[in-house]
Amino acid sequence: MSADPATARAQGVAEANAAADVAAGLGLADPDGSGAILYYDMEYYNTTDAACHAAVKAFVSGWTAQLHARGSLAGVYATGSPLKSFTTLSDVPDAIWPAHWIFSSYNAGATVWGVYSLLDDLWNDHQRIRQYTGGTWRRGAVSR
């Protein structure tokens, strides 16, 4: 995505349109792209880089605004720190999918709460799913 916030926002809008169109084509949304919740996978980035963080926030705001305009809900997958900052956007995502690995395999007791850098009172009305387990990164490969 562009480092320019205005361009990044436009890219978020374009990605929302593309996602809504694909979801409609797959039958996961109504034919006009409405009626779904779609998640954007915002992988880790340096939140201490102010310019980068501003561009990401603009992108997510554009993503959210356009999905709302299309009649769908907007979700974002990311780690806790950037997710927390999205609460200040004019267009706040409807749901989140925080990545915070706390187990090495399936655990029936896993919860969506207690994600680092993310208060439990944010997105607390059935608006969370959580990636609580994953592989170990090793030279570009995932071992399980």
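1. Tyr77 counts as buried, at 14% relative accessibility (buried is under 20% relative accessible area, exposed over 50%, partly exposed in between, with a 1.4 Å probe and protein chains only). Trp97, at 33%, counts as partly exposed. Bear in mind that this is a predicted model, where local features need pLDDT of at least 70, side-chain atom pairs count only at pLDDT 80 or more, and totals for chains, interfaces and linings use all residues. Residues are numbered from 1 along each chain as its sequence is written, and side-chain values use heavy atoms, with hydrogens and water left out.

2. On to the rings: there are four aromatic pairs (Phe, Tyr and Trp rings, the six-membered one for Trp, with centres within 6.5 Å; planes under 30 degrees apart are stacked, over 60 edge-to-face, the rest tilted). One of them is Tyr77 with Trp97, edge-to-face at 5.6 Å centre to centre and 90 degrees between the planes. That pair links distant parts of the chain, with Tyr77 in strand β2 (73-78) and Trp97 in strand β3 (95-103), 20 residues apart (strands are DSSP E runs of at least two residues, helices H or I runs of at least four, numbered from the N terminus). Tyr39, Tyr77 and Trp97 form one aromatic cluster.

3. Last, Ala51. Ala51 lies in helix α2 (residues 50-69) and is partly exposed at 48% relative accessible area. Ala51 and Pro5 are 46 residues apart in sequence, yet 8.3 Å apart in space, C-alpha to C-alpha.
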